[in-house]
Amino acid sequence: MKNIILPNQYPYFFDTHVHTNKGSACAGNDPIETVKTYKRAGYSGVVITEHNWGGNTRINRRLYFKEWVKHFILSYQEAYSWGEKNNFVVLWGYEAGYSGTEFLIHGLKPDFLFEYPEIRNASIEEQYQIVHAAGGIVVHAHPFREAYYIPEIYLNPEYIDAVEWINGAHYNRISYNEFGHYIEKEMYNRKALAYAREHDFPMTAGSDTHSTNLRGVGMAFKNLPGAEGQFVKSLLSRQDYLLTDGFKWYDPFGKELYETEYE
């Protein structure tokens, strides 16, 4: 991918939804390869969001929970260590799975999982309460995606703080719906935008990448979100950032601004 030309006054470009093969069984590249690729492409940082025990995790679910967590956070730790040495911000999060319904957990440090082991068996409602108690937020990831591993679309606006509007995995691809007909995956993002607007939710943009084939998706900030809490504060304020699907730039409310350009 060519380097994206960032909007004036928004110099810090982040991908908020990134998987690696050390934590997610469906990913193809290791943490160091992944962050190096983002750095070369002009990004300022990423949020590592591996699939947890309810999703396609690479970590053996039979491990005792604390041992499982130690292995689960290794991808973040490796990427973070590289980032510290190379002026690249790596934030921690994860993707929580509930029978195909998935949520991005943002704003917390890895110690959260050690401090709140009850999250392992939490319901969607309990997850929301626990994450909030710890100072984090819950983002509904790709809420309208249709796929073989999603038996039904389940919306729960009372237990989320934001919506992933732009999911890069939904562009330039097609999928079958429940009737066996082809559908454009981009439609999932359009539905997510309408859903977020209906409930007045803040929105995120992330590639959902599982490889180093980047899509130019992300969020550009005026001020560097150098820590998990700073990212959340900026997101919830709906100020000082723009979003892109790799084709156009949008304001925090989804208003189209102009075409995305590349060097």
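## The largest cavity and its lining

In this predicted model, the lining of the largest cavity is made up of five nonpolar, four polar and three charged residues. The residues in question are Gly-100, Thr-101, Glu-102, His-140, Ala-141, His-142, Pro-143, Arg-145, Ile-150, Glu-152, Ile-153 and Tyr-154. The volume of this cavity is about 60 Å³, and a search of the whole structure finds one cavity of 30 Å³ or more. Rolling a probe the size of a water molecule over the atoms is what shows where such empty space is left.

## The second largest pocket

The second largest pocket has a volume of about 280 Å³, and among the 18 residues that line this pocket, Ser-44, Asn-87, Phe-88, Val-89 and Leu-224 are the closest to its centre. By class, the lining of the second largest pocket divides into nine nonpolar, five polar and four charged residues.

When neighbours within four places in sequence are left aside, Phe-112 is in contact with Trp-92, Tyr-94, Ile-119, Ile-130, Val-131 and Ala-134.

Val-90 also lies in strand S4, and with a relative accessible area of 3% this residue is buried. Not counting residues up to four places away in sequence, Val-90 touches Val-35, Val-46, Ile-48, Tyr-76, Ala-79, Tyr-80 and Glu-228. Val-90 and Ala-227 are 137 residues apart along the chain, while their C-alpha atoms are separated by 8.5 Å.

In helix H1, which covers residues 31-40, the buried residues include Pro-31, Thr-34, Val-35, Thr-37 and Tyr-38. These residues cover an arc of only 155 degrees around the axis, which puts them on the same side of H1. Among the elements that cover the buried residues of H1 are S2, strand S3 (45-51), H3 and S4.

Helix H7, at residues 228-237, has as its buried residues Glu-228, Phe-231, Val-232, Ser-234 and Leu-235. Seen down the axis of H7, these residues fall within an arc of 165 degrees, so they line one face of the helix. The helix is followed by Arg-238, whose phi is positive, near 55 degrees.

Leaving out residues up to four places away in sequence, Glu-50 touches Val-18, His-19, Thr-20, Gly-23, Ser-24, Phe-72, Ser-75, Gly-93, Tyr-94 and Glu-95.

Glu-259 has its place in strand S14, residues 256-259. Apart from neighbours within four places in sequence, Glu-259 is in contact with Phe-247, Lys-248 and Trp-249. Glu-259 and His-19 are 240 residues apart in sequence, and the distance from C-alpha to C-alpha is 27 Å.

Most residues other than glycine have a negative phi. Gln-9, however, is a residue other than glycine with a positive phi, near 75 degrees, and this residue is found in the loop between strand S1 (4-5) and strand S2 (12-18). At 60% relative accessibility, Gln-9 counts as exposed, given that exposed stands for values over 50%.

Ser-99 is likewise not a glycine, and has a positive phi of about 55 degrees. The residue lies in the loop between S4 and strand S5 (101-106), and its relative accessibility of 61% means that Ser-99 counts as exposed.

How values were computed: Residues are numbered from 1 along each chain as its sequence is written. This is a predicted model: local features need pLDDT of at least 70, side-chain atom pairs count only at pLDDT 80 or more; totals for chains, interfaces and linings use all residues. Side-chain values use heavy atoms; hydrogens and water are left out. On a 1 Å grid over the protein atoms alone, a cavity is a set of points where a 1.4 Å probe fits but cannot get out, and a pocket is an open set with protein on both sides within 12 Å along at least five of seven lines; lining residues have an atom within 4 Å of a point. Grid points are joined across faces, edges and corners, and a volume is the space filled by probe spheres set on the points. Ala, Val, Leu, Ile, Met, Phe, Trp, Tyr, Cys and Pro count as nonpolar, Asp, Glu, Lys and Arg as charged, and the others, Gly among them, as polar. Contact means heavy atoms within 4.5 Å. Buried means under 20% relative accessible area, exposed over 50%, partly exposed in between (1.4 Å probe, protein chains only). Helices (H or I, at least four residues) and strands (E, at least two) are DSSP runs, numbered from the N terminus. The arc is that of the directions from the helix axis to the C-beta atoms.
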